[in-house]
Amino acid sequence: MTAPVAPPATTEPGQLTKETYRGRIHPDWCPGCGDFSVLAALQTALFELGLQPHQACVISGIGCSSNLPGYVNTYGMHTLHGRALAVATGVRLGNHELKVICAGGDGDGYGIGGNHFVHTMRRNVDLTYIVMDNQIYGLTTGQCSPTSVKGMKTKSTPHGSVENPINPIPMAIVGGATYVARAFSGKQKHMVEMFKGAIQHKGFALVDVFSPCVTYNKDNTYQWFNPRVKILEEQGHDPTDFHKAIERGYQWGDEIPIGLFWRRTDLESLEDLEPVLHTCEGPLAFRPLGISPEQAKGLIQELL
Amino acid sequence: MNKIDFAVGIGGENGQGIASTGNILALIFARRGLHLNAYNAYQSIIRGGHTFLTIRASNGPVRNMGDQIDVFIPLNQDTMDRHLHLLKSGACAIYDKDKVTPGKAADGVQLCAMPMKELTKGNKLAVNTAALGATLQLLGIESEPLETVISRQFKKKGDAVVAENLAIARAGYDYAAQNFAAFSWKAPRGAKPLGIITGNQTIAMGGAAAGVKFYAAYPMSPSTGVLMWMAAHARELGIMVRQVEDEIGVMNMVIGAAHTGCRAMCATSGGGFALMSEAVGMAGMIETPIVCIDVQRAGPATGVPTKTEQGDLWQVLGAGQGDYPRVVVAPTNQLDLFHTIPELFNLCDKYQCPGLVLSDLLISEGTTSIDPDDLNFQVKIDRGELILPNGNGNGANPASGYNDKTYLRYKNTPSGISPRAVPGVPGYIFTAATDEHDEDGTLISDEFTNPQKRRMMVEKRARKMQGAIKDIAPPKLFGPEKADVTLVGWGSTAGVIREAVEKLAGEEGIVANQLAIKWIVPLHAAEISAILGRSKNVILVENNQSGQFARYLRSETGFAAHGHIRKYDGEPFMPHHIVEAVKAQLAGQTRLSVPVHEVNA
């Protein structure tokens with residue numbers, strides 16, 4: 001067996017190709033999973049935005065979709081179930097020059113991670129949150145999720161769910177998110193545009209993606225979504241109209257809107273508002289440690 | 001120079017200004033150069049209830065609240081009734097003659113009834129000030145220091161308030177001179193002026209010295225003082241401080257910031273730490289250094305939020321599922337907290353693991369005198385094999401291309417330590433995963449066929465502690481090598497046990513020595529076994545019911561202590577509790593002593 005030959009090292013940023021963003025391993029999702037489309041759309045968006053791999057950090061929680069960071073060649077973190085946004089906030093504040101993209105599922109983000117979801121939105125942390133919403137718990141083999149529709153039969157609701165689902169779109173709009181969009185794995189080109197807008201947006205951006213689970217969700221399938229989804233951009237929706245955004249966000253049934261529901265650019269992000277980040281010293285993570293003798297003297301003076 | 005040691009006790013309802021009165025007194029003593037220790041026994045209510053502050057001062061070292069009160073200031077009847085019986089001959093009680101009636105006091109206790117309405121001209125809020133004046137008179141301290149501190153304390157409230165309080169302090173001072181007998185001794189002076197500080201402040205300052213750039217917390221007594229110090233100094237020192245929605249978010253956010261290369265820290269109490277514990281395991285798994293302080297309070301559940309205990313040892317030892325390396329340390333006093341935080345950050349950076357500090361209400365909220373020269377902020381910083389984009393890390397940057405995908409973040413090395421790049425460095429792309437992963441960070445948890453790799457990674461992480469123990473000082477025996485009894489404690493009890501050892505020798509003719517244990521994980525089991533193996537009688541002293549450290553000691557060394565002194569009523573040990581228990585155990589009366597806290601219920 002011969003040792004693997006390392007590719008020639010370059011000390012200059014290489015020419016970016018779509019290949020650049022391919023991770024070290026291939027996804028182990030079920031064939032036909034909606035998440036493949038999300039991964040491809042994210043890689044395309046990163047490529048089209050010209051982001052160097054070391055300038056981005058993709059952060060996930062736990063679940064089928066949360067395996068995504070390992071499939072993208074950027075810095076990545078595959079954290080705990082429900083905690084991606086809390087970790088990501090720490091990453092953004094530690095190094096506010098990184099583009100941070102969070103990814104995960106509906107159970108991860110709207111269920112166990114619900115508290116962080118609400119508070120990360122109200123803080124308007126400058127990051128992109130992609131939720132691969134398949135309305136089911138896939139990795140645990142098919143239980144009800146926070147977005148499972150009422151009446152849905154799953155392994156944990158054999159007689160049909162009696163609970164109302166979360167509707168993440170209006171929730172995000174009133175929760176303080178400043179970019180709220182929805183995409184569908186069956187419309188990849190549209191999804192790329194939603195992602196690019198989200199990554200470029202300054203503030204908290206949610207993209208909820210209908211990403212069908214072909215194994216455990218027999219109700220909300222590609223076939224079910226395909227005739228129903230209608231692209232807001234093709235319908236002249238104004239994403240600065242709050243009431244219209246809420247109204248379209250609640251729409252469900254024969255016609256389900258996808259696209260950019262809501263965007264506002266008048267709110268500063270958490271990072272903008274924290275003076276500690278604006279001292280021209282770069283990211284906190286790379287600043288010298290410790291305090292000066294003058295500062296120490298001042299601290300001691302307070303004790304005397 | 002004769003050692004003079006005295007204590008002032010002030011009690012009343014929450015909201016009667018006991019803390020600020022105590023602060024004035026502590027500052028006066030410290031500026032005089034006296035060493036001091038102040039402990040506030042209080043309740044979890046903002047107004048009402050009972051709170052009792054003990055300030056003990058001396059020209060020699062003061063390591064705990066002591067055994068007796070010399071000046072007793074009951075601001076209400078309730079306080080008088082609860083504490084008067086504890087005063088011994090020579091002590092005095094200062095009180096408002098119109099509001100408070102003394103009960104039966106011991107012979108030789110001076111009852112100093114003051115006409116407070118007259119002295120304060122009816123200002124009920126200024127009774128404390130008049131009592132302070134009288135206290136200084138009895139202690140033989142001149143009035144100028146009181147005037148200086150009062151002027152500073154009330155400055156914000158305007159000149160009129162300052163003038164009024166100065167007049168009232170002077171009235172109290174003069175009234176005491178004319179009507180009461182001063183102590184036969186005078187409060188001494190120390191070598192140089194000292195400051196005052198709490199343990200929560202030393203934790204925060206230790207963090208600042210270590211270079212903490214990110215601090216997050218959810219308010220929880222008795223750890224909130226760290227958050228308040230950090231928030232007040234954040235902008236001046238360039239520290240990002242966040243109050244987070246819950247402790248789960250706190251620990252995850254701290255890990256996120258630490259992952260980018262910041263030194264990141266958080267403090268909480270047992271309940272908050274319970275919420276953090278899964279994420280502490282993440283820090284272990286993705287090998288991200290963080291420091292978390294658990295300021296213990298009496299548990300379980302909500303427990304007694306304003307009372308002290310050493311009840312979280314096993315929680316911290318077992319935090320998070322699975323095996324992973326962690327460093328656990330229980331500093332022994334406020335100054336030790338200051339020195340330990342930077343040392344722990346160095347260890348955590350070097351071994352890329354979480355560092356957990358066990359403080360408690362006693363030392364975190366307790367005030368001590370501090371010599372400014374002992375607070376050296378220019379500490380040694382060792383960041384281990386860290387790779388930063390600007391070369392500020394001291395890890396070697398092996399030549400690597402921009403996007404060559406060859407970096408092994410979790411490289412299996414003889415030390416278990418792998419070179420650690422952070423996001424933002426070109427050419428070191430990797431994913432940090434909480435799933436078990438290979439050397440390059442890719443998941444092996446989904447692989448059916450890889451028990452060898454799993455074992456390799458578990459052992460790689462575990463191996464780091466073999467190096468860490470060499471960087472940690474083993475505990476040392478205090479006192480004579482040969483003794484009748486060896487008192488073992490951990491963390492904050494070191495000071496009170498030390499005094500008990502001295503009292504046993506000085507007053508009871510019992511030769512005792514002391515083994516104070518600070519570094520809990522990794523534990524110097526061999527050294528501890530050797531020391532304790534030479535002792536004929538080992539008594540373990542701890543502030544909990546089940547003997548948590550006794551069990552840990554037995555699990556790590558096989559050594560079972562001969563006797564136990566345990567206190568779990570929410571209040572800390574006083575020296576006489578330990579002295580009396582040791583006497584009873586040496587007399588063969590018991591092997592488990594549970595000292596009674598003597599305040600009337």
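Two strands count as paired here if DSSP finds at least two bridges between them. Helices (H or I, at least four residues) and strands (E, at least two) are DSSP runs, numbered from the N terminus. With that in hand, strand E12 (residues 327-329) of chain B and E13(B) pair in the parallel sense over three bridges. This is a predicted model, where local features need pLDDT of at least 70 and side-chain atom pairs count only at pLDDT 80 or more, while totals for chains, interfaces and linings use all residues. Residues are numbered from 1 along each chain as its sequence is written, and chains are lettered from A and ligands numbered from 1 in the order in which they are written.

- Strand E13 of chain B covers residues 354-360, and seven of its seven residues are buried (20 or more other C-beta atoms within 10 Å of a residue's own; exposed is 12 or fewer, partly exposed is in between, and C-beta atoms are placed from the backbone).
- Both faces of E13(B) are covered, with B:Pro354, B:Leu356, B:Leu358 and B:Asp360 buried on one side and B:Gly355, B:Val357 and B:Ser359 buried on the other.
- E11(B) runs parallel to E13(B), and seven bridges join the two.
- B:Leu356 in E13(B) stands opposite B:Cys292, and B:Leu356 is also the bridge partner of B:Val328.

**An open sheet in chain B**

- Eight strands of chain B make an open sheet with mixed pairing, in the order E6-E5-E4-E1-E3-E2-E14-E7.
- At the edges sit strand E6 (110-114) and strand E7 (195-198) of chain B, each pairing on one side only.
- From one strand to the next, the twist averages 20 degrees (axes are lines fitted to C-alpha atoms, for helices over the stretch in contact, and angles run from 0 to 180 degrees between N-to-C directions).
- Inside this sheet, strand E4 (residues 71-74) and strand E5 (residues 92-96) of chain B pair in the parallel sense over two bridges, and B:Val71 has B:Cys92 as its bridge partner in E5(B).
- Helix H4(B) packs on the sheet, touching strand E1 (5-14), E4, E5 and E6 of chain B, and its direction makes about 155 degrees with that of E5(B).

**Helix H4 of chain B**

- H4(B) takes in residues 127-139, and its 13 residues reach 18 Å from first C-alpha to last, close to the 18 Å expected at 1.5 Å a residue (the expected span is 1.5 Å times one less than the number of residues).
- The helix is mostly covered, with 13 of its 13 residues buried.
- Just after H4(B) comes B:Gly140, which takes a positive phi of about 75 degrees.

**Where the chains meet**

- Chain B puts 67 residues in contact with 57 residues of chain A (contact is C-beta atoms, placed from the backbone, within 7 Å).
- H9(B) gives the largest share of the side of chain B that touches chain A, nine residues.
- That side of chain B divides into 36 nonpolar, 20 polar and 11 charged residues (Ala, Val, Leu, Ile, Met, Phe, Trp, Tyr, Cys and Pro count as nonpolar, Asp, Glu, Lys and Arg as charged, and the others, Gly among them, as polar).
- Pairing crosses between the chains too: strand E2 (residues 75-78) of chain A and E17(B) pair in the parallel sense over three bridges, with B:Ala433 as the bridge partner of A:His78.

**Chain A as a whole**

- Chain A has 10 helices and eight strands, and 50% of its 304 residues count as buried.
- The C-alpha trace of chain A spans about 70 × 60 × 40 Å along its principal axes.

- A:Asn124 is not a glycine, yet has a positive phi of about 55 degrees; A:Asn124 counts as buried because it has 23 C-beta neighbours inside 10 Å.
- A:Cys280 also has a positive phi, about 65 degrees, without being a glycine, but A:Cys280 is exposed, with 4 other C-beta atoms within 10 Å.
- The peptide bond from B:Gly299 to B:Pro300 is cis, with omega near 0 degrees, and B:Pro300 lies in the loop between strand E11 (290-296) and helix H11 (313-317) of chain B.
- The bond from B:Val521 to B:Pro522 is cis as well, with omega near -5 degrees.

Methods
Contact = placed C-beta atoms within 7 Å.
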